[in-house]
Structure formats: C-alpha cells, structure tokens
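Me: Could you take a close look at one part of this protein for me, the surroundings of the ligand? I would enjoy one connected account of what lies there.

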Amino acid sequence: MSLAGLFSQRWPGVALFDLDGTLVDSAPDLAAAIDSMLEQLGRRKAGIDNVRQWVGNGAGVLVRRSLAGRADWEPATEKDDALFNDALAMFYHAYGNLNGQHSVLYEGVEECLTRLADYGCRMGIVTNKPEQFVAPLLEQMGIEHWFDISVGGDTLPVRKPDPQPLIHAMTELGGTRGTTVMVGDSVTDISAALAAGIPSVAVRYGYNYGAPVDSLGADAVVDSLAQLL
Ligand SMILES: O=C(O)COP(=O)(O)O
Ligand SMILES: [Mg+2]
C-alpha cells in the first residue's frame, strides 16, 4: 500500500507512535543511565553506540543486554538475578534523573504532529519504555498535549511485539483497523502492527538494533515524519 493510499482517504483517524527512536532520540540519556549503572557495578561503560542497538524491548531487556554486553543475550544463561535486580534499580534511579536532559525530537516530528492534529487525527504513544518515564519525557520535549493516550512497556501484561498494546490504544481512541496507523523505528513496532492488522510506517533514522528497516514489512518507509504529510 502506498503512503498516499494509507493517508488520502481515511483521515481523520488514529495515529499511534513509538517513542524512542521514532519521536525522540533518547539514546544519550539511556546510555548515560546505563553507563552509570555499569560504573556502579565496577564494569566497563557500554557507550552510546552499543546502547542505541540495545534499545527497543523495554528497560529490563536493555539492562540484561548491557550486563551481557551484547544484543543477543540468552535469558537461560543469565543466572545472577540479584545482580540483575540491583542493576535494574540502579538504571531506574539514574534514568529518572537523566530522562530528557540530552534527548531531542527528531526533525519533522513537531510539524507532523501539528498537521495531524489539524486534520482531526487522534494520537497515542505505544512504547516499550516503562510508563513512569513516558509522561516526563513527553513534557520535557513539549509534545505531551498531542497525545490522548500513552501505553508504556509495563502498562499492560504484554508489550510490543505483542499486538495488544496497539489494539488497546486504538480502541481507546475510537479507531478501527482501517483508520489507524502505527509509526515506529524497529522490527518490534512493525511486527506488532502486522500482528494487530494495522497498517504501519517505519522511520529510517531510528534504532532498530542497528539494522535497516526497509524489509520489515511496513506499508511505507520514510526518512522524516514530515514525509507522512
Ligand atoms: O524502552 C525501550 O526499549 C524502547 O522504547 P520504544 O518502544 O519507545 O522504542
Ligand atoms: Mg523505538
């Protein structure tokens, strides 16, 4: 389906947005919090280039990957749960202080949200970021007023790539599968949209574990959210 096909007939509708890597480049603060945690544990810092590739499945997985030093950590080999619990608490504490400080909106985001709101589109956030960090980040970025709902990684019992968070947000916003679109930066978002039966748009500039987004199965791929318009 072309972007024009997705958007020409059906607005006003519902637009669901992923947060990290789609609306906000939050990697600097996530990396600083991860490095603070690793330093407290006497380990080597991971650095932003690694952290960028580990974001996308929620805070717990990010911490697990950081402790393992790689993206493909094996849950079965991660035995030291006391270490994980300590590390997670350190990360939450550090990120609570750093959240939003060095994060920035991507180019095209404000223009896109403003125009979609003008069209009468209702908008929601569907992120794997823990819920407690979502509203403060949206406020810090000055975009909280555009969103009528935000679903975090721990809001429901399941998170993306499970389709439920998308279906929940769509339903709350009065959307249907024919009038809703999911916009995200990673396979997690596009897989959730495919499983939900909702059209999707992938952005090229986000994280996606360091891999290209062109073959994820999104209905459209854009370099800037301004292209959605
Ligand atoms: O916290 C994460 O893992 C990423 O969050 P996202 O779903 O907004 O990309
Ligand atoms: Mg993302």
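Reply: Happy to. Domain bounds here come from an automatic or database domain assignment. On that basis the protein is divided into domain 1 (3–25 + 103–228) and domain 2 (27–98), and 25 Å separate their centres, taken over C-alpha atoms. The contact takes 14 residues from domain 1 and 12 residues from domain 2, where two residues are in contact if their C-beta atoms, placed from the backbone, lie within 7 Å.

Please keep in mind that this is a predicted model: local features need pLDDT of at least 70, side-chain atom pairs count only at pLDDT 80 or more, and totals for chains, interfaces and linings use all residues. Residues are numbered from 1 along each chain as its sequence is written, while chains are lettered from A and ligands numbered from 1 in the order in which they are written.

Now to the ligand. 14 residues surround ligand 1, counting a residue as near if its C-beta atom, placed from the backbone, lies within 6 Å of the molecule. The closest are Leu-19, Asp-20, Thr-127, Asn-128 and Lys-129. Both domains contribute to this shell, with at least three residues from each of domain 1 and domain 2. By class, the shell has 4 nonpolar, 7 polar and 3 charged residues; Ala, Val, Leu, Ile, Met, Phe, Trp, Tyr, Cys and Pro count as nonpolar, Asp, Glu, Lys and Arg as charged, and the others, Gly among them, as polar.

For "binding site", an unreviewed UniProt entry lists Asp-18, Asp-20 and Asp-185. Although spread over 168 residues of sequence, these three cluster in space, the largest C-alpha distance being 8.1 Å. The "active site" annotation, also from an unreviewed entry, covers Asp-18. UniProt positions are given in the numbering used here, feature names are shortened, and annotations may be inferred rather than shown by experiment.

Asp-18 lies in the loop between β1 (14–17) and β2 (24–25), and Asp-20 is found in the loop between β1 and β2; strands are DSSP runs (E, at least two residues), numbered from the N terminus. Asp-18 counts as buried because 30 other C-beta atoms lie within 10 Å, the cut-off for buried being 20 or more, with C-beta atoms placed from the backbone. Asp-20 is buried too, with 27. Leaving out residues up to four places away in sequence, Asp-18 touches Asp-185 and Thr-127, among others, and Asp-20 has contacts including Thr-127, Lys-129 and Val-55.

Methods: Helix = DSSP H or I, 4+ residues; strand = E, 2+ residues; numbered from the N terminus. Buried ≥ 20, exposed ≤ 12 C-beta atoms within 10 Å, placed from the backbone.
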